[in-house]
Amino acid sequence: QVQLVESGGGLVQPGGSLRLSCSLSERIFSIYSMGWYRRRPGQQRELIASITSDDERHYDNRIKDRFTISRDSAWKSVYLQMNNLRPEDTATYYCNVMTTVAGEEDYWGQGTQVTVAS
């Protein structure tokens with residue numbers, strides 16, 4: 001079973017930056033997309049950024065122009081550069097991999113906490 005391990009979360013002041021990383025324990029050859037979700041306190045998990053196998057990037061409007069998703073050339077890591085962080089970005093951030101295999105469930109990381117506060 002492929003494991004996704006996130007890192008890079010923490011406490012940061014408003015206006016600060018963090019870079020989240022997600023590493024796969026082994027390569028997945030049928031990737032459709034890699035993405036980042038977040039769950040803010042009291043809310044459901046939501047997709048905020050993704051990158052497809054065609055290298056198309058998609059962003060939620062609330063983080064567009066502040067966050068950047070990228071990946072390594074081997075499709076074994078995905079990153080989320082977060083700039084100009086706001087208190088409302090406080091959430092648990094989850095890495096996700098979606099495959100092209102019919103019926104296969106998505107892969108998820110365990111989550112990393114990001115807290116934006118003075």
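Why is the disulfide of C22 and C95 left-handed? In this predicted model, the torsion about the S-S bond of C22 and C95 is about -80°, so the disulfide has a left-handed form. Residues are numbered from 1 along each chain as its sequence is written. Because the model is predicted, local features need pLDDT of at least 70 and side-chain atom pairs count only at pLDDT 80 or more, while totals for chains, interfaces and linings use all residues, and side-chain values use heavy atoms, with hydrogens and water left out.

The structure holds 1 disulfide, a term that denotes a pair of cysteine sulfur atoms within 2.5 Å. In the bond between C22 and C95 the sulfur atoms lie 2.1 Å apart. Distant parts of the chain are linked by this pair, since C22 belongs to strand β3 (residues 18-24) and C95 to strand β9 (residues 91-99), 73 residues apart. C22 counts as buried because its relative accessibility is 0%, and C95, also at 0% relative accessibility, counts as buried; here buried means under 20% relative accessible area, exposed over 50%, and partly exposed in between, with a 1.4 Å probe and protein chains only.

The protein contains 0 helices and 11 strands, where helices (H or I, at least four residues) and strands (E, at least two) are DSSP runs numbered from the N terminus. An open sheet of 4 strands has the order β1-β3-β8-β7 with antiparallel pairing, two strands being paired if DSSP finds at least two bridges between them. Its edge strands, each pairing on one side only, are β1 (4-7) and β7 (67-71), and the twist averages 15° from one strand to the next, with axes fitted as lines to C-alpha atoms, for helices over the stretch in contact, and angles running from 0 to 180 degrees between N-to-C directions.

For the protein as a whole, the C-alpha atoms fill a box of roughly 45 × 25 × 20 Å along the principal axes. Buried residues make up 45% of the 118 residues. Of the contacts (heavy atoms within 4.5 Å) between residues at least 6 apart in sequence, 54% join residues at least 24 apart. The accessible surface comes to about 6300 Å², of which 44% belongs to carbon and sulfur atoms, as computed by the Shrake-Rupley method with a 1.4 Å probe, only the protein chains shown counting as cover for residues.
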